[in-house]
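Q: I'd like to talk through some side-chain pairs and one of the helices in this model. Can we take it step by step?

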Amino acid sequence: MSVWAVLAAAGSGERLGADRPKAFVRLGDRPLLAESLERLDASAWIDAIVVAAPPGWEEPAILLAEELGCGKVSACVAGGATRTDSVRAAVDEVPADAAVIAVHDAARPLVADDVLARGLEALSAGWDGAVPGLPVADTVKRVENDVVVETVDRSVLRTVQTPQVFVADVLRRALAADRPGAEPWTDCSAAVEAAGGRVTIVAGDPKLLKVTEPDDLERVAALL
């Protein structure tokens, strides 16, 4: 089974207040992108990688992969205006005979093999997609105009992470759906769900923190 990874690394990182895109801010003594690149390249589950880099940063991304010795990097494309556009551009570089596409955000650098393994096991069981998720610890309220209208049953809620894995053809069809004027999907699972795909939740990893704010870099660095 051929498994390709799409590494979404085209985010601007505006909330980090950095002078460069998020993928190239420093995590310890090297770019944030390096951690997920190196981990995916070392994974026995991944056969090849396509990187979606910030527009104009394709060459630095390729040079970084070469410096790290990441021989599984097959291509690097310029990201688009939205995350979905970036993933779509990267998926276009995945060969038609790929069986599975795993989509991972470079903003979650501490990707682990066991999370990938759980997702792939779910696909082997017949699911179209699998996403790692964690239970919601806090009480959740639904609010309208600052008025609490409902306390939501948190037992049926999950916060989701990446890598999200999909049957390749299912993901391609979902991303190709025409949605004029619609709000962008916030993850690939939403696209597959909207197209009628069957997606399951697998156990996530508390270490798969997402880097959004400057403090997040310190929290992730402490886990390296």
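Q: To start, which residue does arginine 20 form a salt bridge with?
A: This is a predicted model, and in it arginine 20 forms a salt bridge with aspartate 19, where the closest N and O atoms are 3.1 Å apart.

Q: Are those two residues buried or exposed?
A: Aspartate 19 is exposed, with a relative accessible area of 68%, whereas arginine 20 is partly exposed at 34%.

Q: How many salt bridges are there in the count?
A: The count comes to ten salt bridges. Among them is one between the side chains of arginine 30 and glutamate 38, with an N to O distance of 2.8 Å, and another joins arginine 142 to glutamate 150 at 2.9 Å, again N to O.

Q: What about the accessibility of arginine 30 and glutamate 38?
A: Arginine 30 has a relative accessibility of 21% and counts as partly exposed, and glutamate 38, at 32%, is also classed as partly exposed.

Q: And arginine 142 and glutamate 150, what are their values?
A: For arginine 142 the relative accessibility is 37%, which is partly exposed, and for glutamate 150 the value is 36%, likewise partly exposed.

Q: Going back a step, which residues are linked with Arg30 in a network of salt bridges?
A: Arg30 is linked with Glu35, Glu38 and Arg39 in such a network.

Q: Changing topic to helix 4, how many residues does it have, and what does it reach from first C-alpha to last?
A: Helix 4 covers residues 113-124, which makes twelve residues, and its first and last C-alpha atoms are 16 Å apart, close to the 16 Å expected at 1.5 Å a residue.

Q: Which of its residues are buried?
A: In helix 4 the buried residues are Val115, Leu116, Gly119, Leu120, Ala122 and Leu123. They lie on the same side of helix 4, because the arc they cover around the axis is only 155°.

Q: Why would residues spaced like that point the same way?
A: An α-helix has 3.6 residues a turn, so residues three or four places apart point the same way.

Q: What do the buried residues of helix 4 pack against?
A: The buried residues of helix 4 pack against helix 1 (32-42) and several strands, namely strand 1 (3-8), strand 6 (100-105), strand 7 (129-135), strand 11 (164-167) and strand 12 (199-203).

Q: Which residues are exposed on the other side of helix 4?
A: Glu121 and Ser124 are exposed there.

Q: And what comes just after helix 4?
A: Just after helix 4 there is glycine 126, which takes a positive phi of about 110°.

How values were computed: Residues are numbered from 1 along each chain as its sequence is written. This is a predicted model: local features need pLDDT of at least 70, side-chain atom pairs count only at pLDDT 80 or more; totals for chains, interfaces and linings use all residues. Side-chain values use heavy atoms; hydrogens and water are left out. Helices (H or I, at least four residues) and strands (E, at least two) are DSSP runs, numbered from the N terminus. The expected span of a helix is 1.5 Å times one less than its number of residues. Buried means under 20% relative accessible area, exposed over 50%, partly exposed in between (1.4 Å probe, protein chains only). The arc is that of the directions from the helix axis to the C-beta atoms. Contact means heavy atoms within 4.5 Å. A salt bridge is a side-chain nitrogen of Lys or Arg within 4 Å of a carboxyl oxygen of Asp or Glu.
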